Amino acid sequence: MIGNHRDITELTGQADQIKSQLASSEGERERWEAIFDNVEEAILVTDQKGKILRSNPASEILSGLSEKDIIGREFNDIFPLQNQHGIPMTGDLFPGLEALMTREAIEYFEAKFTNSEGREAWLGISVSPTFYQKNDREEAEVIFVMRDVSRLKEIDQAKSDFVSMASHELRTTLTDINGYI
């Protein structure tokens with residue numbers, strides 16, 4: 001009869017430590033999922049070619065489409081953006097491509113958008129490229145954070161209209177006063 005024994009105290013300690021780290025990682029992942037799902041801004045993650053990999057509920061509201069209708073489609077199909085001159089932001093004008101080529105985030109820009117229900121909106125958009133290693137290759141994804149700023153644009157336009165009208169009225173009154181003088 002041959003007997004073999006081994007002290008597994010260290011292995012048990014390591015297993016407990018791994019379980020603890022795994023539970024901590026899972027809790028952190030759930031926390032980030034809750035944040036992602038509950039922010040007011042629409043968040044989309046695309047691959048290098050602009051195919052949508054991930055979206056949050058706010059992007060469903062903004063686009064008027066369900067998540068299953070968004071995932072796997074091209075960003076420009078779901079969010080056909082136009083710049084302030086009405087020019088479509090596709091091809092070389094696609095902000096995701098610019099962020100990938102420069103390897104820098106686009107802090108903020110505004111673009112016009114018409115959703116699937118035909119509602120026009122102005123979006124405030126930030127674009128961030130992310131790079132990582134996968135199978136000894138550098139891969140990239142692009143994160144779009146978008147917010148409907150239509151109401152702010154309307155307020156800004158109303159303010160401009162008021163200043164223009166007030167300026168015109170003051171000029172007319174001053175011209176009359178100057179004429180009497």
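Helices (H or I, at least four residues) and strands (E, at least two) are runs assigned by DSSP and numbered from the N terminus. The structure is a predicted model, in which local features need pLDDT of at least 70 and side-chain atom pairs count only at pLDDT 80 or more, while totals for chains, interfaces and linings use all residues. Residues are numbered from 1 along each chain as its sequence is written, and side-chain values use heavy atoms, with hydrogens and water left out.

**Exercise 1. Locate Asn-83, decide whether Asn-83 is buried or exposed, and find a polar contact of its side chain.**

Step 1. Asn-83 sits in the loop between E3 and H5.

Step 2. Buried means under 20% relative accessible area, exposed over 50%, and partly exposed in between (1.4 Å probe, protein chains only). Asn-83 has a relative accessible area of 18%, so Asn-83 is buried.

Step 3. A polar contact is a pair of N or O atoms within 3.5 Å; within protein, one must be able to donate a hydrogen and the other to accept it, and residues adjacent in sequence count only if both atoms are side-chain atoms. A polar atom of the Asn-83 side chain lies 2.9 Å from the backbone nitrogen of His-85.

**Exercise 2. Describe the surroundings of Ser-63.**

Step 1. Ser-63 belongs to helix H2, residues 57–63.

Step 2. Its relative accessibility is 0%, so Ser-63 counts as buried.

Step 3. The Ser-63 side chain reaches the backbone oxygen of Glu-60 at 3.4 Å.

Step 4. Contact means heavy atoms within 4.5 Å. Leaving aside residues up to four places away in sequence, Ser-63 touches Ile-70, Ile-78, Phe-79, Phe-113, Asn-115 and Ser-116.

**Exercise 3. Work out the order of the strands in the sheet.**

Step 1. Two strands pair if DSSP finds at least two bridges between them.

Step 2. Strand E1 (residues 42–47) pairs with strand E6 (residues 137–148) in the antiparallel sense over six bridges. Within this pairing, Ala-42 has Met-146 of E6 as its bridge partner.

Step 3. Strand E5 (residues 120–134) also pairs with E6 in the antiparallel sense, over 12 bridges. Here Val-127 is bridged to Phe-144 of E6.

Step 4. The six strands form an open, antiparallel sheet in the order E2-E1-E6-E5-E4-E3. Its edge strands are E2 (52–55) and E3 (81–82), each of which pairs on one side only.

**Exercise 4. Examine the positive phi angles of Arg-103, Asn-135 and Asp-136.**

Step 1. Most residues other than glycine have a negative phi.

Step 2. Arg-103, in the loop between helix H5 (95–102) and strand E4 (106–114), has a positive phi of about 60°. With 45% relative accessibility, Arg-103 counts as partly exposed.

Step 3. The hairpin of E5 and E6 has two residues between the strands, and in it Asn-135 takes a positive phi near 55°.

Step 4. Asp-136 is in the loop between E5 and E6 and has a positive phi of about 60°. At 79% relative accessibility, Asp-136 counts as exposed.

**Exercise 5. Which elements each supply at least two residues of the lining of the largest pocket, and which classes make up this lining?**

Step 1. On a 1 Å grid over the protein atoms alone, a pocket is an open set of points where a 1.4 Å probe fits, with protein on both sides within 12 Å along at least five of seven lines; lining residues have an atom within 4 Å of a point.

Step 2. The lining includes Ala-58, Ile-61, Arg-119 and Met-146. H2 and E6 each supply at least two of the lining residues.

Step 3. Ala, Val, Leu, Ile, Met, Phe, Trp, Tyr, Cys and Pro count as nonpolar, Asp, Glu, Lys and Arg as charged, and the others, Gly among them, as polar. The lining has five nonpolar, no polar and five charged residues.
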